[in-house]
Amino acid sequence: MKKTFTINISGSIFHIDDDAFEKLQRYLQMLNRHFGTAEEGQEILQDIEARIAELFIEKTGNKVEVITDAMVNEVMARMGKPEDFLEPDDENASAKPQAEGAF
């Protein structure tokens, strides 16, 4: 027997088992740390949460079904890790320090 929770992601209600809830919560916390608390970062997080909700709806067929650990793994694999969200220019900028005064 597993414990389940009812959660709201981007305005959609889902039932999720305990293990999946913990994993999803850690994933969202990593994303939150990555994007920070700036207004732009919060907007990005809202978009990501909306996409996660869409993927869960797709997986459950919009029926009352419990989100499982396997479903969360699939969504995380599809969405990527926080470092995967870096723009190619961001990676180059952090890898190559610019000369002082360069624009």
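1. Phe-5 is partly exposed in this predicted model. Its relative accessible area is 27%. That value falls between the cut-offs: buried means under 20% and exposed means over 50%. Phe-5 is placed in strand E1, which covers residues 4-9. In strand E2, the bridge partner of Phe-5 is Ile-16.

2. Aromatic pairs come next. The whole structure holds 2 of them. One joins Phe-5 and Phe-21. Their ring centres are 4.7 Å apart. The ring planes meet at 35 degrees, so this pair is tilted. Phe-21 belongs to helix H1, residues 18-35. Because Phe-5 is in E1 and Phe-21 in H1, the pair ties together parts 16 residues apart in sequence.

3. Another aromatic pair is that of Phe-14 and Phe-56. Here the ring centres lie 5.6 Å apart. The planes stand at 65 degrees, so the geometry is edge-to-face. Phe-14 sits in strand E2 (residues 12-17), and Phe-56 sits in helix H2 (residues 39-60). The pair therefore ties together parts that are 42 residues apart in sequence. Phe-14 and Phe-56 are both buried. Phe-14 also has a place in the sheet: Ile-7 stands opposite this residue in E2.

4. Now the sheet itself. It is open and has 3 strands, in the order E1-E2-E3. The pairing is mixed. Strands E1 and E2 run antiparallel and are joined by 6 bridges. E1 and E3 (66-67) are the edge strands. Each has a single partner strand, so one side of each lacks a neighbour in the sheet.

5. The hairpin of E1 and E2 deserves a look. There are 2 residues between its strands. In this hairpin Ser-10 takes a positive phi, near 55 degrees.

6. How does H1 lie relative to the strands? The helix lies across E1, E2 and E3. H1 runs at about 115 degrees to E2.

7. Salt bridges number 6. One of them joins the side chains of Asp-17 and Lys-2, at 3.9 Å from N to O. The distance cut-off is 4 Å. Asp-17 is in strand E2 and Lys-2 is in the segment before E1, so the bridge ties together parts 15 residues apart in sequence. Is Asp-17 buried or exposed? Asp-17 is buried, at a relative accessible area of 6%.

8. Lys-2 also forms a salt bridge with Asp-19. The closest N and O atoms of that pair are 2.9 Å apart. This link too spans distant parts of the chain: Lys-2 is in the segment before E1, Asp-19 is in helix H1, and 17 residues separate them. Asp-19 is partly exposed, with 42% relative accessibility.

9. Glu-58 lies in helix H2, while Arg-78 lies in helix H3, residues 69-79. The pair therefore ties together parts 20 residues apart in sequence. Arg-78 is partly exposed, with a relative accessible area of 49%. As for shared partners, salt bridges join Lys-2, Asp-17 and Asp-19 into one network.

10. Which residues of H3 are buried? They are Met-71, Val-72, Val-75 and Met-79. These cover an arc of only 100 degrees around the axis, which puts them on the same side of H3. The cover over them includes E2, H1, H2 and E3.

11. Last, Thr-60, a residue of helix H2. Thr-60 counts as buried, at 4% relative accessibility. The cut-off for buried is under 20%. Leaving aside residues up to four places away in sequence, Thr-60 touches Glu-65 and Ile-67.

Notes: Residues are numbered from 1 along each chain as its sequence is written. This is a predicted model: local features need pLDDT of at least 70, side-chain atom pairs count only at pLDDT 80 or more; totals for chains, interfaces and linings use all residues. Side-chain values use heavy atoms; hydrogens and water are left out. Rings of Phe, Tyr and Trp (its six-membered ring) pair if their centres lie within 6.5 Å; planes under 30 degrees apart count as stacked, over 60 as edge-to-face and the rest as tilted. Helices (H or I, at least four residues) and strands (E, at least two) are DSSP runs, numbered from the N terminus. Buried means under 20% relative accessible area, exposed over 50%, partly exposed in between (1.4 Å probe, protein chains only). Two strands pair if DSSP finds at least two bridges between them. Contact means heavy atoms within 4.5 Å. Axes are lines fitted to C-alpha atoms, for helices over the stretch in contact, and angles run from 0 to 180 degrees between N-to-C directions. The arc is that of the directions from the helix axis to the C-beta atoms.
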